[in-house]
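Please examine the sequence and the three-dimensional structure shown below. The report that follows describes selected parts of them in turn.

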Amino acid sequence: MSSLRSITFATLTKDIRLEWRSKDALNSMLFFSLLVVVIFSFSFDPNAEESREIAGGLIWVAFLFSAVVALNQTWARELRNQVLDAYRVSPAPAAALFLAKALGNFVLVSLLEALMVPLFVVFYNLRALGPAWQLIPVALLGTWALVVNGTFFAAMSIRTRSREIMLPLLLFPISIPAVQAMVEATRILLAGDGSARFWIVLLLTYDVVFTTACLALFETILQAE
Amino acid sequence: MNSIKFLWAAYIATWLIHGLYLGSIARRYKRLRQQMKDLNGK
Amino acid sequence: MKRAFPILAVLTAALLAYGTYQALVVAPTERTMGDVQRIFYYHVPSAWTAFCLFFVNLVASIAYLIRKNPKADALAVSSAEVGVVFCTVVLITGPIWARPVWGIWWTWDVRLTSTLVLWLIYVSYLVLRRFSDSAQTPVLAAVLAIFGALDVPLVYFSIWFFRTQHPQPVIGGGGSLDPRMLHIFLLNLFTFSCFGAMVCWWRYRLEWLQREVDEAQALESLMGEDGPGVSARAGAPLGKISASKISGKPGPQ
């Protein structure tokens, strides 16, 4: 399936290049993420012992909101330039387009997270009492869980009224098990309170199930618009 | 006994919800029938 | 088929009345919880009915994706909507039951929380259908239904595991039932299932009527613009349905 890989790669590099040229959107998203962290720090007193218990939850909720902001504009460029029509008639597999979009979003959201995590660590004086390396698969799997479904639902929302609110409306309910897994795993790893293995496996399962579903059904969605 | 109030509350809530929904279906049905009649009459 | 509906509706209503009477009056009072426990007789059957309806929605959605049959889509909408109504009842009677028995309104127990998430997923389904103007809304909604169905086991597992780590009271109770209670419970289970099916059927007929009206209106505006002589078949996506069928008069076929 080298054609899938090469098309995906080509689309992905094109997106990253375009995104890099228009740094405005990226900068405003970064600033938004920073604001979210600060607001949370004001709302949930970082010095209180309880806040460190819930820091895991706070981080992921902050990520969730930043991710939605980033995902909302994910198809905007395609929509503006009728690129989707071109894709519909091209022989390229729709899955390649989806994969490229999702990977691009993954890179973008990971960038936002990379900014927010040090801020949280600083504001909340976080220390991982459990095996800290496990936070990496949690972050990767969790981010992918949000991004893969987010990209898909963003495509579904394109021709709906109130497009921007439609994305979180569709994404949040479906993401509940993934968010619960992310939050619990983070809490466990930060507090050193047992094993996060179940949650990591759940996240992995979630990712596999929904990545498959998105790849399988994206063609249907694309044709439907 | 206080808990009987909750029993009645649950009972009333249940049938209120069902009643409202069935009522809305009935209302829409009537309106559509009227519309159909109008369209046929033309 | 159409004539059967009013008869079955009356029968169902009678069954409902009988089942309620049994639940509220005849059933023995539970030892620990008292009379409040009687909520159980319609809390659980409502949940069962809601889940069945959501399952019907899943099957109808898949059927629609495969065959693009508009009847499947109409059934999908109807079962989703009625399912949400029953699910709402579950979510409201649950806390009303929990408050006097356990002193708390909500417990994040597996069943109630899973029901909440299922309710959220299907409300988002209905919102998508409402907000999406495109002619391909049925396809989008069907895909969402599949995603929802894939999510349900994951939801259940994640909440179940969370609960084993942080135990809390369980609404609906576990344990075995007194045989007299079991009878009445099964009766209400059957009754609510019939009730759910009837409401879904009625909603389905409403949906179908709505589509026929829309089609007739579209036809009319077509004919109004181009004058008489335009074939009545033009722009009739539903094919065999024609406006005259509603009024029962024989029409051009």
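## Chain B and its helix

B:His18 lies in helix H1 (residues 2-41) of chain B. Helices (H or I, at least four residues) and strands (E, at least two) are DSSP runs, numbered from the N terminus. Chain B has one helix and zero strands, and its C-alpha atoms fill a box of roughly 60 × 5 × 5 Å along the principal axes. The C-alpha atoms of B:His18 and B:Leu7, which are eleven residues apart along the chain, are separated by 17 Å.

Is B:His18 buried, exposed or partly exposed? A residue is buried if 20 or more other C-beta atoms lie within 10 Å of its own, exposed if 12 or fewer, and partly exposed in between, with C-beta atoms placed from the backbone. B:His18 has 18 other C-beta atoms within 10 Å and is therefore partly exposed. Of the 42 residues of chain B, 10% count as buried.

## Basis of the description

This is a predicted model, in which local features need pLDDT of at least 70 and side-chain atom pairs count only at pLDDT 80 or more, while totals for chains, interfaces and linings use all residues. Residues are numbered from 1 along each chain as its sequence is written, and chains are lettered from A and ligands numbered from 1 in the order in which they are written.

Helix H7 (residues 135-157) of chain A has 23 residues, of which 19 are buried. The expected span of a helix is 1.5 Å times one less than its number of residues. For H7(A) this span should be 33 Å, and the end C-alpha atoms are 32 Å apart, which agrees.

Two packed helices are described by the angle between their axes and the distance between the axes. The axes of H7(A) and H8(A) come within 9 Å and cross at roughly 170°; axes are lines fitted to C-alpha atoms, for helices over the stretch in contact, and angles run from 0 to 180 degrees between N-to-C directions. H7(A) and H8(A) are therefore roughly antiparallel to each other, a term for angles over 145 degrees. The residues of their contact divide into 16 nonpolar, six polar and one charged. Here Ala, Val, Leu, Ile, Met, Phe, Trp, Tyr, Cys and Pro count as nonpolar, Asp, Glu, Lys and Arg as charged, and the others, Gly among them, as polar.

Chain C has seven helices and zero strands, and buried residues make up 38% of its 253 residues. Two residues are in contact if their C-beta atoms, placed from the backbone, lie within 7 Å. The contact between chains A and C takes 27 residues from chain A and 27 residues from chain C. On the side of chain A, H9(A) gives the most, with eleven residues. The contact between chains B and C takes 23 residues from chain B and 28 residues from chain C. The side of chain B has 15 nonpolar, six polar and two charged residues.

## The nonpolar core

A nonpolar core is a set of buried Ala, Val, Leu, Ile, Met, Phe, Trp, Tyr and Cys residues joined through C-beta atoms within 7 Å. The largest has 131 residues, and those with the most contacts inside it include A:Leu170 and C:Leu144. Its largest share, 15 residues, comes from helix H3 (residues 70-102) of chain C. Beyond its neighbours within four places in sequence, A:Leu170 is in contact with residues including A:Phe153, C:Leu128 and C:Leu144.

Definitions and conventions: Parallel < 35°, antiparallel > 145°, perpendicular 65-115°, else oblique.
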